[in-house]
Every structure is written in C-alpha cells, then in structure tokens.
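Student: I would like to learn how to read a structure one feature at a time. Could we go through it slowly together?

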Amino acid sequence: MFDLIDECGQDLKRFGYAVKRLDRYGITTATLKVETENDSKELGLSKGEYFIFNSPFIYQLGEENGQFLSNLMSKQLKSIFKKLGLKKSSRVLIIGLGNPDIFADRLGKEVFDNIEVQPLKKNNNIFKFCPNIFFSTGIDTLEMVQMFSRQLKVQVVIIIDSLTTQNIARLGTSFQITTSGMTPGSGVNRYGNRICKESVGADCISFGVPFMIASSSFIKDDEVDILLAPKDINENVKFAGKIIANAISEVIY
C-alpha cells in the first residue's frame, strides 16, 4: 500500500518526475504528471498532476517555516485553478475526510475547522463538510460527495485526508497535492470508492499529509502489522491543518 507517489516502487524519473531543492528551511518540491493510461497502469496512479512539498524541519522551525510552506502550496493551488479555468467566483466544496476521533486521521477535520465560510453572504460560493468514516455513518463517502456536489452545483471539490508513508522521517513532513482525486482509506487497505472528476462531475483537488506508518515498514513481522503515529501527533496535525487551510483560503477568498 502507498499514498505518497514517490513510494510506489517505480523509477519515476523516466516518467518526468522532477525534484527541486529550495534555499530555505531544507524544503524540496517534486512534480509528476501522469498523462496516459499506460503510465497510469504501470505506476498504479490515476491520471493527473502530483505535487509534493517535503519540509523536514517544519515542527522544529515553527510558524515562519509554516507560513513559507503555506505560501508555496497556495501558489501551486492558484496555478491548478488557472489550468482548470477556475476563478474566485467558482463554487467550491471542501471535504475533510478521515476519523475526527483519531488524531492521526483527523487532518481533514483540522482543515475544516480552520476554513471559514460565509453562509449569509449573498452569492456565497464556498461550502464545506466532514462526512466521517463509513463505519461511523454507514454511508459511502462518495455518495455524500456526489449528493452535495450536484445539489450545490460546484465546479471543484477540494479533499483533505491523512495519508500513510513507508518512511518514518516523512511523518507529518510531506505535503502532497494532486488533481487526480482521492480514494478514502486507501492507505490502510480499506478502499472506498474513488472521489474524482469522473465520479462526482466536478474537478477534484486533494491535499494529504502522512501521519501514519505501518510497523512492517521497519519491523519485519508477518504476523503483526499495526499503524503507528508520531508522539507529538496532536500538535503536529493541528499545525499541518492550519498550514493547508491557510493555503486554500488564500486562493478561494
């Protein structure tokens, strides 16, 4: 199982994967564009654009590093909006996936809480909700997204969720943006139905940060495989959620 594109086990350079090191905070950025069905099948990735922002010192350096990273992601999101023909007046649905009762899985709820909506504003075009998980609601997440997307006639759905990683150093430090949508529960092998343009009828942009790692990634034990999270998970998820929320808000308002 993998959520981060560069953990798919393939040599991504031959598909155009490019990495750039910035001169601040040790941040690196990476991009990949999956354009053909053949590339999609070989990589195990849906067609679309993928962007990763690795910020290894984000929690040590704090607010200044966080604001810089937020600005980087905001610029990338603006570029995506432009390519998709979206504007500030476009109708946007923001979805915070995950289980809000488990901190390692509540990144979506943190972003949800940090994005303001103006429901009394004339011609309000920003909407948000947290569907929780299937085992809590009994309702498939995709069905809820489809219902709201069609009823609200949105042009773009922005999805946020916690991811898994195979590298302990990347817990909470790799921020991934994609235009390919997102499959709830993919990182823990509980595959829901994919939320994407084909399934909801609107462009889909996803944000994800890995806050979980399988123990099998560093402990070779066929009988036991549990998901682990950083010891400072509460504060880290809150901080990451604020960073993503600020990036999104900068674009939609």
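Student: Which residues is Asp161 in contact with, leaving aside its neighbours within four places in sequence?

Tutor: Contact means that heavy atoms lie within 4.5 Å. By that rule, and with neighbours within four places in sequence left aside, Asp161 is in contact with Leu97, Gly98, Asp105, Leu107, Met182, Phe207, Gly208 and Val209. Asp161 itself lies in strand 6, residues 156–165; helices (H or I, at least four residues) and strands (E, at least two) are DSSP runs, numbered from the N terminus.

Student: Before we go on, what kind of model is this, and how are residues numbered?

Tutor: This is a predicted model, in which local features need pLDDT of at least 70 and side-chain atom pairs count only at pLDDT 80 or more, while totals for chains, interfaces and linings use all residues. Residues are numbered from 1 along each chain as its sequence is written, and side-chain values use heavy atoms, with hydrogens and water left out.

Student: Is Asp161 buried or exposed, and which side chain of opposite charge is nearest?

Tutor: Buried means under 20% relative accessible area, exposed means over 50%, and partly exposed is in between, with a 1.4 Å probe and protein chains only. A salt bridge is a side-chain nitrogen of Lys or Arg within 4 Å of a carboxyl oxygen of Asp or Glu; for charge, Lys and Arg count as positive and Asp and Glu as negative, while His and the chain ends are not counted. Asp161 is buried yet has no salt bridge, and the nearest side chain of opposite charge, Arg194, is 10 Å away.

Student: How many salt bridges does a search of the whole structure find?

Tutor: The search finds twelve. One of them joins Glu7 and Arg170, whose closest N and O atoms are 3.4 Å apart. This pair links distant parts of the chain, 163 residues apart, with Glu7 in the segment before strand 1 (18–21) and Arg170 in the loop between strand 6 and strand 7. Glu7 counts as buried because its relative accessibility is 9%, and Arg170 counts as buried at 11%.

Student: How should I read a helix, for example helix 6?

Tutor: The expected span of a helix is 1.5 Å times one less than its number of residues. The twelve residues of helix 6 (residues 141–152) should therefore span 16 Å, and its end C-alpha atoms are 16 Å apart, which agrees. At the N-terminal end, Asp140 caps helix 6, with a side-chain oxygen 2.8 Å from the backbone nitrogen of Leu142. Just after helix 6, Lys153 takes a positive phi of about 55°.

Student: Which residues of helix 6 are buried?

Tutor: An α-helix has 3.6 residues a turn, so residues three or four places apart point the same way. In helix 6 the buried residues are Thr141, Leu142, Met144, Val145, Gln146, Ser149 and Leu152.

Student: What covers the buried residues of helix 3?

Tutor: The cover includes strand 3 (48–54), helix 2 (58–61), strand 6, strand 7 (174–178), strand 8 (203–214) and helix 8 (233–252). Among the buried residues of helix 3 are Phe68, Leu69, Leu72 and Met73.

Note on methods: A polar contact is a pair of N or O atoms within 3.5 Å; within protein, one must be able to donate a hydrogen and the other to accept it, and residues adjacent in sequence count only if both atoms are side-chain atoms.
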